[in-house]
Structures are given as C-alpha cells and as structure tokens.
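Here are my notes after going through the model. Have the structure open next to them while you read.

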Amino acid sequence: MSPESDPAHRNVHQAVQEHYTATARAHLQVLDTPNAASGAACCGGGGCCGSSPASSTTDDPITRNLYDPHTPFEAALAASLGCGNPTALAALEPGQVVLDLGSGGGLDVLLSARRVAPEGHAYGLDMTDDMLALARRNQTEAGVTNATFLKGHIEHLPLSDASVDVVISNCVINLAPDKDAVLAEAFRVLRPGGRFAVSDIVLLRDIPDALADVAALWTGCVSGALRNTDYLAKLGGAGFTDAGVEVTRLYDRADLEELARSVDPSHLPAGMRTADVVAALDGAIAGAFVRATKPIA
C-alpha cells in the first residue's frame with residue numbers, strides 16, 4: 001500500500017516535507033549566494049530541522065558535535081539534520097552497498113561512499129525534491145562518483161530484494177508514520193547477513209498522548225519517536241535478530257528547554273505551555289544507535 005494512501009500518514013509526510021523543503025532551499029540559496037546573510041532554517045533551527053544554513057557546523061541540542069568539523073564534505077555537513085553519526089558506528093567496509101534512509105543533504109551518503117570505495121556504492125533516498133537537488137550538488141562539488149540519490153518514501157524502497165549490505169539512517173525513521181513498513185522494507189532490501197545500523201531518537205519512557213500528533217514536534221524528532229523497548233519488538237517482528245538500542249546521548253532539561261524554543265506555542269495542545277512540554281519530556285528522550293541483523297538462514 002502506498003504511504004500516501006492513508007490520510008494521517010499523508011499529513012505527516014506533508015508536514016515533514018514542507019519543513020525540509022524550506023531547509024534545503026535555504027542551504028541552496030546560501031550556496032548560490034556565498035556572502036548572503038544567514039536565513040532561518042525550518043523549525044527556527046532546532047530539533048532535527050538542523051542549523052543555520054550559513055554555518056558549517058550545527059548548533060542545536062540534537063545536531064551539534066556529531067561529526068568531525070574538518071570533514072571534506074563541509075557543505076553537506078552544514079546541511080546535516082541528524083541526531084547521530086551512523087557512519088562512525090556502522091563499521092562499513094570497502095565493496096559494500098549502503099542505503100541511507102532519508103538522506104537529506106547527503107553527508108552520510110558521501111561519507112559512506114568514501115568508506116566503501118572503490119568497488120562499493122552508497123545510495124541515498126529522500127522524498128523531497130529540493131533535498132535531492134542539494135545532495136546531488138554536494139556530491140558533484142565533492143567529486144564523489146560511487147553514490148546515487150533516489151526519490152522515494154522509506155516505507156516503499158525503490159530497490160530490489162537482497163541488494164544492500166547495510167541500511168543506515170539518521171534521525172529519520174522516528175518521523176515515519178508507519179515504522180513497521182519502514183523496517184519491513186529495510187529487511188527486504190538487505191542481503192542475508194546484512195545489517196541495520198541507524199541513529200535515531202528514542203523514548204526511554206512513555207510521554208503524554210496529547211503530544212503524539214503535534215506536527216511541530218514531529219519535525220523536531222520528539223513525538224514520532226518509539227519507546228526503546230517497542231523499537232526492539234518491531235525489529236524482531238520484521239524478522240531481524242541481534243537487535244539492540246544503545247543510548248548515545250540523553251537529552252537533559254537544558255537541552256529540552258533549548259529544543260522547546262523551536263516549537264510554536266500555538267501548535268501545542270490546549271492548556272499546555274512550553275514549560276509543560278519540557279516537564280513531560282524530561283528524562284524521556286535520548287539519541288541512540290539502533291542495530292540489528294538479517295539472518296543468513
């Protein structure tokens with residue numbers, strides 16, 4: 001079933017796509033006008049919506065200090081919107097085929113391509129035309145030839161069965177409204193023995209139902225997140241083995257207060273203040289490295 005056939009799923013995709021389109025266009029504008037003043041990225045620069053497009057390093061509690069600031073892919077780093085660094089944890093090897101779910105500006109694809117070169121290949125999948133344009137531009141300027149960026153939804157991957165060695169992702173699966181479909185598709189395209197190795201936001205305890213459908217929080221990597229235990233259960237349900245969730249960063253109250261500034265108060269449930277959201281999420285949110293294996297048998 002198409003991910004756009006469910007109205008609720010379509011609304012989430014639209015909200016996420018609008019935010020990421022705005023971010024990509026801001027970065028493209030800066031690339032076209034190097035001396036332009038910094039503009040506002042989506043979500044006011046917080047959450048998984050990333051940093052100021054004129055900066056070469058991210059500066060919000062989710063995206064900061066994840067990569068070596070001296071990476072050769074500086075333009076792609078400036079557009080990085082993730083919550084981790086899956087390429088540093090996935091143990092990629094030369095000759096492998098890698099797929100990045102929700103590849104954004106292309107940083108993880110370019111880093112993966114370099115790790116699997118010369119015979120290997122890295123694919124990036126994104127649903128946003130402007131992000132794809134940004135990623136392809138970053139690829140061209142970096143001179144990386146063993147990478148391909150594809151348009152599509154992570155719930156319906158445009159790759160054949162058993163064609164990929166490693167599936168990575170960076171703070172994207174939490175935004176997907178149908179995570180079971182995403183994990184099933186990741187399992188399908190992986191070769192036997194292939195690895196699922198993603199960075200994502202997870203919940204360490206339940207949060208109030210009233211926050212579950214706040215669109216601004218979807219694009220801020222909060223409300224779409226799974227409980228760590230639910231993530232493991234869904235991976236097992238998809239057929240994966242050896243699943244694990246390793247917390248890489250626990251977001252403290254100061255982080256949450258900074259993140260909350262990116263949420264428009266008018267989008268909050270009736271009767272809830274920003275301080276209420278921070279209190280409800282305190283101790284609940286973590287960045288994590290999620291891993292699993294497709295069995296050989």
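**Notes on the model**

1. Let's start with Asp-242, which is exposed at a relative accessible area of 62% (exposed means over 50%, buried under 20%, and partly exposed in between, with a 1.4 Å probe and protein chains only). Asp-242 sits in strand 7, residues 241-250 (strands are DSSP runs of E with at least two residues, helices are runs of H or I with at least four, and both are numbered from the N terminus). The phi of Asp-242 is positive, about 55°, although the residue is not a glycine. For context, most residues other than glycine have a negative phi, and most peptide bonds are trans.

2. Some ground rules before going on. This is a predicted model, where local features need pLDDT of at least 70 and side-chain atom pairs count only at pLDDT 80 or more, while totals for chains, interfaces and linings use all residues. Residues are numbered from 1 along each chain as its sequence is written, and side-chain values use heavy atoms, with hydrogens and water left out.

3. Two other backbone spots deserve a look. Ala-162 also has a positive phi, about 50°, without being a glycine. Ala-162 is in the loop that runs between strand 3 (147-151) and strand 4 (164-170), and is partly exposed at 33% relative accessible area. Then there is the peptide bond from Ala-117 to Pro-118, which is cis, with omega near 5°. Pro-118 belongs to the loop between helix 4 (107-116) and strand 2 (121-126).

4. Which strand is largely enclosed by the rest of the structure? Strand 5 (residues 190-203) is, because 10 of its 14 residues are buried. Strand 5 runs parallel to strand 4, with 6 bridges joining them (strands count as paired if DSSP finds at least two bridges between them). In that pairing, Val-164 has Leu-190 of strand 5 as its bridge partner.

5. Strand 6 (residues 226-227) pairs with strand 5 in the parallel sense over 2 bridges, and Leu-226 in strand 6 stands opposite Val-202.

6. Together with helix 6 (residues 179-189), they make a right-handed β-α-β unit. Right-handed here means that, with the strands pointing away from the viewer, the path from the first strand over the helix to the second runs clockwise.

7. How many disulfides does a search of the whole structure find? The count is 0 (a disulfide would be a pair of cysteine sulfur atoms within 2.5 Å). Cys-83 is in none, and its nearest cysteine sulfur, that of Cys-171, is 3.4 Å away. Cys-83 is buried, with a relative accessible area of 3%.

8. On to charges: side chains of opposite charge can pair when their charged atoms come close. There are 12 salt bridges, counting a side-chain nitrogen of Lys or Arg within 4 Å of a carboxyl oxygen of Asp or Glu. One of them joins Lys-234 to Asp-180, with the closest N and O atoms 3.1 Å apart. That pair links distant parts of the chain, with Lys-234 in helix 8 (residues 228-238) and Asp-180 in helix 6, 54 residues apart. Lys-234 is partly exposed at 24% relative accessibility, and Asp-180 is partly exposed at 41%.

9. Another salt bridge to check is Arg-291 with Glu-246, where the closest N and O atoms are 3.3 Å apart. This one also links distant parts of the chain: Arg-291 is in strand 8 and Glu-246 in strand 7, 45 residues apart. Arg-291 is partly exposed at 34%, and so is Glu-246 at 36%.

10. Glu-257 and Arg-253 meet in a salt bridge at 3.7 Å, N to O. They are separated by about one helical turn, because they are 4 residues apart in helix 9 (residues 253-260). Asp-161, Glu-185 and Arg-188, meanwhile, are linked in a network of salt bridges.

11. Last one: Thr-128. This residue lies in the loop between strand 2 and helix 5 (129-142) and is buried, at 2% relative accessible area. The C-alpha atoms of Thr-128 and Lys-151 are separated by 7.3 Å, with the two residues 23 apart along the chain.
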